Amino acid sequence: MKLIRSKSDLIDKSYKYAASSTTKNHIYILYKNRNGNYIFTSFNVATLKSNEIKGKLSRKLPIGKREIMNEVACFYSYTKRVGYLYAINLKTGEQKGVPIKINNVRAKKTVTEAFQILKKSNEIVVCLNTSFKLKKNHLYIQRFNSNLEMLSTLKLTENVSQSIVNVSVSELNNGKLLLLGTFSGGSQARSEGIFISRLNNKEIEYLKFYNYSDFDKIYSYLSERKQEKIIRKRRRKERRGKHLNSSFRIEPHNAIILDDGYMFVGESYYPTYQHRTYSTYSANGVYTTHSSNIFDGFQYTHAVLARFDKNGQFLWDEALPMWPFHKPFFVKKFISLAKQKQSINMVFEDRSQIISATIDFDGNTLCQRMANNIKTNAKGDYTRWTSSVIEHWYGNNFIVHGNQKIKNKKNSRLAKKRKVYFINKIEF
C-alpha cells in the first residue's frame, strides 16, 4: 500500500463530478456544469498520462449506467420520460444519441432494467420492462451495434404469466446470452422466485421459473425459532390445500459462469421508515396533530445463492445472513465476489465487522469467519460510524474503502472528533 506515483488535473470549479468508469488500462471520469458542458478525462493506469475531451450535452440529461467500448463511452440516460442511449468518442469527441422505446408502448410505461456491453461481439444489450396491465409486465431485449443501430428486439415473456422484476445479462460463447434475475406473479417490486433464460440470437433456448417457497434453505439466515414458525405456517397452509408464497426484494449480481453451469447471487433488502409526529396551530387557534412516515433507507438482511446446470435446471440454494450498519437510500450491492477454480469467495459487511465466506460449487460452506474491525491510523481511536465499499482486487485480496467518523480523547495531537476517508487492504 505504498504510493508509487500520483497525478492531478485541475478542473474548473463550475464543473461537478458526474460519473466514472474503469477498464483494464484506463480510468475515465466525466464532469458536467449547469450549462450542460462536459469534460471527459481519461487516465492511463500505468503511466498516469491524461487526455481530455470537451463537449456539450443537454442540461437536464442525467447520467445512468455507463460502459466503455473500444474508446467509446456509452451510457444510458432519460429525458422527459424517454430513455436514450448515448455514445461519446473519446478520441474525436463525436457524440450520438438514440431513443430507447418499444413500438405502440408509451414512454411512461417503459422502464430500463439492464444496460450491458457485450465485449466479445461489441454490442449493447438493453432490457426494457413494459406494463400493459396492472398485474402483468413484459420484458423486451434490444441489441445495438457500436454505432447505436438496433440489431434486434425480442419479447421474452410472450407466453408466460410471470413478470420480470430485475435481470442481469451475461455474454456466453457463440453469441449466446444468459439472463438471470427475479420474477413475481404480478407487477409488484417484491419477487417470488428466480428465473433463468438462455438466448441464441433471436431465439429463446429455455426460460424457467423457480419459486422461493420451493428452495430448501431460503430461510436459513433466520434463527431456529423463526424458521420453525415458518415451517408450522407452511404446514397449516398445506393442510388447507393452499401454498405458502415467499417474497423478497433482491438485487442480483451478474451471473457467475461455471464450466458446467451458472450461479445466482443476490442481496435481499427491505425499505425502512421513521414515524414522525408534529403539531400545529391554525389561525383560529385549533390544535392539530400530524403524523407521517419518512423513508429511512434500505436495510439489507441476507444473501441468496442458487446453482443451475447448463440446461437451467435448479440444483441447490443457500442463504447467508448480513446486516450492514449503513442503510443506503438507493439500491446497491454490498457483497464483493472473487471466483476461484472450485469455489467463490464472498466478502461483505455485517454490522461493524467484515465477513468472509468461501462456498464451493456444490453448495458447501468451506470457510466462514469474522474479520477484525476496520483499522484506523492512530492509537486511542474509537469509530463512531463507518460507511464503506468492499471490492475484490486480486487473488484473495480485497480493498475496503470509505468514510469514518472517529473520536479520540487520548491523543492530544489529533482532534477529538474527525472524519476521514480510509483505505484498508484485507487478505483472506
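This is a predicted model: local features need pLDDT of at least 70, side-chain atom pairs count only at pLDDT 80 or more; totals for chains, interfaces and linings use all residues.

Me: What does the C-alpha trace span along its principal axes?

Reply: About 70 × 70 × 60 Å for the protein chain.

Me: How many helices and strands?

Reply: One helix and 28 strands. Those are DSSP runs, numbered from the N terminus: H or I of at least four residues for helices, E of at least two for strands.

Me: And how much of the chain is buried?

Reply: Buried residues are 45% of the 428. Buried means under 20% relative accessible area, exposed over 50%, partly exposed in between, with a 1.4 Å probe and protein chains only.

Me: What share of the contacts joins residues at least 24 apart?

Reply: 46%, among contacts between residues at least 6 apart in sequence. A contact means heavy atoms within 4.5 Å.

Me: Switching to strands. What is around E6?

Reply: Strand E6 covers residues 72-79, and six of its eight residues are buried. Strand E5 (residues 66-69) pairs with E6 in the antiparallel sense over four bridges. Strand E7 (residues 82-89) also pairs antiparallel with E6, over eight bridges. Pairing takes at least two DSSP bridges between the strands.

Me: Which residues are bridge partners there?

Reply: Arg66 partners Phe75 in E6. Val72 has Asn89 in E7 as its partner.

Me: What about the hairpin of E5 and E6?

Reply: Two residues lie between the strands, and Asn70 takes a positive phi near 55°.

Me: Now the sheet with E13. What is the strand order?

Reply: E13-E14-E15-E16, an open sheet of four strands with antiparallel pairing. Its edge strands are E13 (163-171) and E16 (203-211), each pairing on one side only. From one strand to the next the twist averages 20°. Axes here are lines fitted to C-alpha atoms, for helices over the stretch in contact, and angles run from 0 to 180 degrees between N-to-C directions.

Me: How many bridges join E13 to E14?

Reply: Eight, with the strands running antiparallel; E14 spans residues 176-184. Val167 stands opposite Gly181 in E14.

Conventions:
Residues are numbered from 1 along each chain as its sequence is written. Side-chain values use heavy atoms; hydrogens and water are left out.
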